[in-house]
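Here's a protein chain to explore together. Have a look at it first, then follow the tour below.

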Amino acid sequence: MLPCPSFQARRARLVEGPELQPIQANGAILPMIRIVHFTDTHLDASPELRTRREADLANHVDAINALEQQPDLVIFTGDMANTGQSEEYAIARQHLNRLHSRWVFVPGNRDSRRCIRETFGDLGFLPMERDAPLDFAVEVGPLTFIGFDSKGQGTNKGAAPGERLAALRAMLEAVDGRPAIVSMHHPPFELHEIPWPRQFEDWAEAEAMNELIAGFDNVKLVACGHAHRRIAGEVGGKPAWTMLCAASDLRKGPAKDLGADVALQVYEFSDDGDLRNTEMLVLPVDGDAAAQTATQAAE
Ligand SMILES: [Fe+2]
């Protein structure tokens with residue numbers, strides 16, 4: 001996937017673990033479904049944080065729109081808002097509306113289900129029953145994207161107690177063997193790169209989720225946020241990733257060196273739904289352009 005000439009793409013190696021390689025058939029690249037993943041904007045309406053966080057989101061949206069080949073789906077894996085206030089979701093909606101591609105998102109621990117329903121309910125993919133977890137499934141080409149609400153109770157960690165795992169199982173069974181992506185904010189795999197590798201309140205729930213997903217050969221990818229780093233892992237033997245945060249002031253580890261650059265994870269699937277390639281695009285942002293975008297958005 002090539003960005004337009006106004007962006008100079010470079011592929012970053014900011015991850016431990018193997019990168020999948022593109023597979024070619026008879027010298028020709030197979031037809032692809034492309035999904036772009038970004039996460040954790042932590043939008044905040046306070047005077048101290050609004051400008052920078054909003055500029056980071058605006059820059060990510062601009063960069064996705066400038067990609068030469070538009071993605072089939074843009075996915076965002078939670079912590080859209082920093083304090084779960086409606087003003088933060090209004091900022092998000094204003095910019096996400098500008099995406100040329102179809103987009104969906106899962107909630108993070110910072111997010112408010114109520115505000116999300118109020119702000120995004122018209123999009124049609126979210127369950128609207130009061131207090132219901134924000135689980136959903138949408139089709140993208142041969143794939144089904146399953147969004148799972150991993151928000152816990154009272155901590156910033158994830159949760160998947162028995163009834164929630166039953167809900168995930170029901171969604172997986174409904175896919176009926178077609179290739180699927182499972183996405184949730186909290187990674188249900190150990191993040192050895194951080195001081196607290198287990199980001200579920202009860203790790204037995206994460207282990208149970210691994211067992212559940214291991215039973216579905218049609219799951220091709222598990223895509224997560226929360227870690228603010230890009231980390232490769234496995235869930236039930238399937239490739240799993242956390243993506244680093246879009247909020248440039250919250251990036252951790254080697255990604256701190258990126259400054260305010262845009263970082264997008266790109267997944268390419270064959271047209272029969274197999275994951276063929278995973279890479280991160282880093283798109284440098286001109287400092288003046290970033291400041292201008294933020295100023296315009298604040299007006
Ligand atoms: Fe976050």
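## Ground rules

Helices (H or I, at least four residues) and strands (E, at least two) are DSSP runs, numbered from the N terminus. This is a predicted model, where local features need pLDDT of at least 70, side-chain atom pairs count only at pLDDT 80 or more, and totals for chains, interfaces and linings use all residues. Residues are numbered from 1 along each chain as its sequence is written.

## The chain as a whole

The chain has six helices and 14 strands. Of its 299 residues, 45% are buried; a residue gets that label if 20 or more other C-beta atoms lie within 10 Å of its own, while 12 or fewer makes it exposed and anything in between partly exposed, with C-beta atoms placed from the backbone.

Two residues are in contact if their C-beta atoms, placed from the backbone, lie within 7 Å. Take the contacts with a separation of 6 or more: residues 24 or more positions apart account for 73% of them.

## A loop residue

Arg 130 sits in the loop between α3 (113–120) and β7. Is Arg 130 buried or exposed? Arg 130 counts as exposed, because it has 8 C-beta neighbours inside 10 Å. Arg 113 is 17 residues away from Arg 130 in sequence, and their C-alpha atoms are 8.7 Å apart in space.

Strands of a sheet pair through backbone hydrogen bonds, either parallel or antiparallel. Here, two strands pair if DSSP finds at least two bridges between them.

Val 182 stands opposite Val 222 of β10.

How many residues lie between β11 and β12 in their hairpin? There are two, and Gly 236 in the turn has a positive phi of about 60 degrees. β11 and β12 (residues 238–242) run antiparallel and share five bridges, with Gly 233 partnering Ala 240.

## Two helix pairs

Helix α1 (residues 50–66) packs against α2 (residues 86–96) at about 20 degrees, with axes 9 Å apart. That makes α1 roughly parallel to α2 (under 35 degrees; over 145 is roughly antiparallel, 65 to 115 roughly perpendicular and the rest oblique). Glu 54, Leu 57, Ala 58 and Val 61 of α1 make the contact with Ile 91, Ala 92, His 95 and Leu 96 of α2.

The axes of α4 and α5 (residues 203–214) come within 11 Å and cross at roughly 15 degrees. α4 and α5 are therefore roughly parallel to each other. Leu 165, Leu 168 and Arg 169 of α4 meet Ala 208, Met 209 and Leu 212 of α5 in the contact.

Note on methods
Axes are lines fitted to C-alpha atoms, for helices over the stretch in contact, and angles run from 0 to 180 degrees between N-to-C directions.
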